[in-house]
Structures are given as C-alpha cells and as structure tokens.
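Notes follow in the order I went through them.

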Amino acid sequence: MFQFLADFLPILIVGLSLGNLFGLVGLAFTVIINACQIVNFAQGDFAMLGVAFCWFTITALHFPLWVAFPVGVIAAGLFGFLTEKAVITPLQKRGAPPFTMILGTMAMGIIAAGVVGVYTKFWWMKINPFLGNEPWKIAAGLSVDHQGVLIIIATVLLVVGYWYLLNKTRLGLALRATGFNREVSIILGIQTSRMMGLSFLVSGIIAGIAGILCAPLSAFNALQGLPLAINGFISVIVGGWGNPYAAVLGGITLGLVRALLTGYLSSAHAEMATFVVLIIVLTWKPEGLFSRFMIPGSKKS
Amino acid sequence: MISYVKRDLLIFFILLGAAALLPCIAGEFYQYLVRLIGVYAIMALGLNIFMGYCGQVNIGIAGFFCMGAYFPTILQDKAGWHYLVALPVTTLISFLVGWGMSWPLLRLRGHSMAIGTMAFAMGVYLVFERFPTLTGGSDGTVVPGMTLLGQTMGNVFYYYLILFSLAVAFLMCYFLGNSQLGLALRAVGDNEDAAAAMGIDIKYYKKLAWLINGVLASVAGSLYAQQAGFISPDTFGLWTNVLILVMLCVGGTGTILGPLVGAAIMTLLPYLLVKIQHYTFLMQGLVLFGVLRFMPHGVVGAIAKRFRSV
C-alpha cells in the first residue's frame, strides 16, 4: 500500500502541476474570450516573453528573483496590451474574418519570439527553482517537488482572484457585459475598447505568471510559446468554451491523463494522449466536459 | 471579370515558362529554391481552396504533408515499390485518412476548427516521430533514389516533375475556381446559412474542399521528400502549418495567384537574409503583421487593387 502511495503521489503532483499550468494558460485564453470573443494564439508567447524578461533581469542585470518575477509578469501584461492595440482593434474595425484575427495574434507572437530569439540565439533560458533544488521529503522515500506545489497554489489564488474580479466588482460586470454583447455595452456607457485592452493586460499577466512558474520545470526557449499556447487552448476546448473554471478543470484533466500515462505506461505516447483526448471530446461532447461548471443560472454538472 | 481571370492564367504560364528555362542558365542552388517554391505553392493552392474559397480554417496542413512525405519513403524502402507506384497509393491513403478525419473535424467552426486541425497535424507528426523502426524517428530517414528506364534520376528530373505537378495543380484550382463548383464553394465561404437556403449541400462542399486541400498537400509532401533525399519529422512540425498559412495570407487568400506569390516571398525571405540568420523568424513575423495590417487581401490583392483604380 505504501509503495503504491509512494509511486502514486509524485505522479499525482506532477499531473496536477502540469494540469494547473495548462489550466492557467487556458484561464488566460478564457479571459480574452470572455471579453472579446477572440482566441489569442500569441498567449504562449506572452508567457515566453515573461520568462525572457525574468531571465534577463536575473542573468544580465543580476537582480534577485523577487524583483525579476514582477518585471517578467508586467512585461507579459504590457505586451498583451500592445497586442490588443496593434492588431485586434484595427482588424476588428475593418471587420476581418476570424482566421485573420488568429493570424494577427499569431503575427505578434512570431514577432515576440523573433525578438527574443535574436537576443538569445534561440538558446534555453534557464531559471533556477524558486525554493532551491532539494525536493521536500514528506516521509522516507516520499518526496515532492515544490515548484509543482507553487504552481498549484498560484492557480488557486489566480482563479479565486479572477472570480472575485468578475463577480464582485463593477469592473468585472463591465468586462462580462462587453463579452456578452458589445453593442449594448457601448449604449450603456461601457468603454468597450478599454475593457478589451484590460482583458489582454490581465490575460498577459496570468500567462506571464504561468510561464515563469513553469520555467524551472521545463527549460524555455524562444520557440516554446506556441506549444504551450496549444496545450492551453486544448484545455479550454476540453473543459468548456468561455468558462474560466472549466478551462482550469480541463487543463487538470489533461495534465492527469498525461502524468498517469507517463507514470504507468510509457512517456513516448503521453504527448499524443492530449490530441487523442481533444479529438474524442470534440467528437462526443463538443461543448466541453465541464461547460456548465459554476455558471450561474445552470445546473451544476 | 473574365479578362482579369485570363490575365492570371497568362501570368502563370509566363512564370512557368521562365522557371522551365531556368536549369539552362542557373545553378543547382537556384533550382533548389524553385523546387521548394513549387512544393510550397502546391500546398498553398490546396489550402486556398479550403480557406480562401470555402472560408474554413485549417492549421493542420502539415499533417497531410507529413503523410505524403513518409508513406512513399516507407513503401520504397521497406516494400521496394517504385516511386511512381507509391505516389498514387500514398495519395489514396491520404485521401482516405482525410475522409475519415472529415467526420470529426468538419463539424467544427472557427476557432475550434483551427485547434482541431492543428491537433490532427500534431497527431500525425507524433505518430511518425514515435515509431523509429519504420520511420527513422526524430533522426530522420534517407529517401531512396528513383530509377526510371534503368537510369537514376537526378535533380533536374525532380525539378520538372515538380513544375509539371504545379501546373496540373494550378490548372485544377483555376478551373475549379471558375466553375459552378467554385461558385458553390465561395457561397459556402461567404455565408453558410444563405448557401444552405439556396439549396447548396454545405457538408458535401466542405468535405470536397477539405479533401482537395489534403490530397494536394500529400502530393506536395511526396515531391518534397523525393527532391530533398532526406526527411525528418522536424520538417513537418508545428511551424510548417503556420508557415503555409502565412504564405497563403501574405500572397492573398481567395486569389489564384496569391498562393504562388506568397510561397515565393516566404521561401526566398530566409535566403535573402542568410547573413543574419537569427533574424529570419522576426522578419517573417513582421511581414505577416504588415500584410495583415495594411494589405487585407494580401500582396496580390493589393497589386490588383492598384491596377484597377488606375
């Protein structure tokens, strides 16, 4: 029994931390989806940019982590804001079709990856684990990596914070109204363009936090943004479109599936499992597994 | 309208004639570039049918490209088939896979379709990367050369094979775009509900466009593998999907010359910047950004508009 637990607990922690990471990126996607009905394919590059700034502040400017972390997060948020102003607003004014929007955000992502790539020569950006290299020893032969635990804590805090912003403040009401119906929101005096900018800022901040927390676990380079964004977006689809809590749950589902496959079968096909899960969900339950979770006015599932 | 369309055909054949004469004057490197442009242009033409005409989103074109490259290699290598037999068989396999995948994928719309097709491409990529005994895994595999009438075929043969395939693909897309079929596809792309109200079978036309896009990408893959002589999964990764999409968008979606122009621009760009290699990625992003912001219909669309207004 203990042996089973000793095997299972690290797998569970890895799965949860990976899942929460995907979930955070999914949450960042959902913030933008809720406010502007746009999928932002540069999401992973926001995270990558956050990692790049954090890494730059630590290695080139020799600041400690607690200075570098906010610098990276703010840089990611500002880049999100810039993306909205440079691509989304002009394209939306022109009435561009959805795939032009996708390509527009992707263009900003490629530019960010290109700039970082020019500076780093597409080399790895290494950030040391926040609490040292030694894992926590819970019992004899049972240790837990605390970077994963940090990711889980951060996810819980961010989800609660986002829930508070969305449901308990006037700003959140305006954000929700903008996503629900833009024209009516304008009539009611909500500055929708400001709301869209804000949603990109918040989304960039969440993605930046996710990226920097993940950077010690898996090395980041300039091209790592898009794969992260894809995993995040898959967790949005698996969880449920436009529902922030469902996105996190979808991410956790994916992370657990991957960790269990890696732990008990083989690591070779774990990556494929993500796409198989996606295709299955798209075929059998296209609205997502947890689409009604915590949405007011609907039954809990 | 007719005159514009005929002008496109004329421009294409002038370009094709120039390309056909190129081996007489230019070296191997320039031929290599034209071969690459040809392969990418075939793929972008197929994507244009699905995205430009039919209005759907496909970020998974590299999945078909990958299948098209690997199946003939495996069939030649392990089963000893001739390339000219393996090519149609591969196309048939890709057709069947595309037909099977159309069931889950074509029910989606917009963003879900984007991620669904991308997942398909990543799945194909992973299949070919994770079975090293058959495909050489991530180290790649050597594509066996091809013999015809007792002679080993060289690069010049592949050059003309690619030009010939490009001409066939272009004429197919050209006549399809101007036929009743193309009209129906455009109607689906403009407004699905209105098209359905006009009695157009949306599902049928979407499936048709998807299969054309898959088959052309598969043929492009087969040609690419044979002319390169070596393939590894890296060539068919995530960024290839994006690159083809960028080519189409830079050239101009929904125009017949757009895919060719886009393929040429995006293929030549890294070689123009070969001195500052790290900047390639940044330049591609900037080109895409500039085209999206300032030329809504791509380079071809912008040029056509300029000429029309004069």
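These entries cover a surface patch, a helix pair and a loop glycine.

**Entry one: the patch.** First reminder to myself: this is a predicted model. I went looking for nonpolar side chains on the surface and found a patch made of A:F4, A:L5, A:L260, A:Y264 and A:L265. Together they have about 500 Å² of accessible area. Which helices supply it with at least two residues each? I got α1 (2-36) and α10 (244-264) of chain A. I then picked out A:Y264, which lies in helix α10 of chain A. A:Y264 comes out at 42% relative accessibility, so I put it down as partly exposed.

**Entry two: the helix pair.** Next I checked how helix α3 of chain A (residues 65-94) sits against helix α13 of chain B (residues 280-294). Their axes are 10 Å apart, and the packing angle is about 30°. Angles under 35 degrees count as roughly parallel, so that is what I wrote for α3(A) and α13(B). Who makes the contact from each side? From α3(A) I listed A:A86, A:V87, A:P90, A:L91 and A:R94; α13(B) brings B:F289, B:L292 and B:R293.

**Entry three: the glycine.** Last stop was B:G229, in the loop between α10 (202-228) and β4 (230-231) of chain B. Buried, partly exposed or exposed? I noted B:G229 as partly exposed, because its relative accessibility is 26%. Setting aside neighbours within four places in sequence, I found B:G229 in contact with B:V142 and B:V143. B:V142 is 87 residues from B:G229 in sequence, yet their C-alpha atoms are 6.0 Å apart in space.

Definitions and conventions: Residues are numbered from 1 along each chain as its sequence is written. Chains are lettered from A and ligands numbered from 1 in the order in which they are written. This is a predicted model: local features need pLDDT of at least 70, side-chain atom pairs count only at pLDDT 80 or more; totals for chains, interfaces and linings use all residues. Side-chain values use heavy atoms; hydrogens and water are left out. Patches are made of residues with over 30% relative accessible area and no salt bridge: like charges are joined within 9 Å, nonpolar side chains (Val, Leu, Ile, Met, Phe, Trp, Tyr) within 5 Å. Accessible areas come from the Shrake-Rupley method with a 1.4 Å probe; for residues, only the protein chains shown count as cover. A salt bridge is a side-chain nitrogen of Lys or Arg within 4 Å of a carboxyl oxygen of Asp or Glu. Helices (H or I, at least four residues) and strands (E, at least two) are DSSP runs, numbered from the N terminus. Buried means under 20% relative accessible area, exposed over 50%, partly exposed in between (1.4 Å probe, protein chains only). Axes are lines fitted to C-alpha atoms, for helices over the stretch in contact, and angles run from 0 to 180 degrees between N-to-C directions. Angles under 35 degrees count as roughly parallel, over 145 as roughly antiparallel, 65 to 115 as roughly perpendicular and the rest as oblique. Contact means heavy atoms within 4.5 Å.
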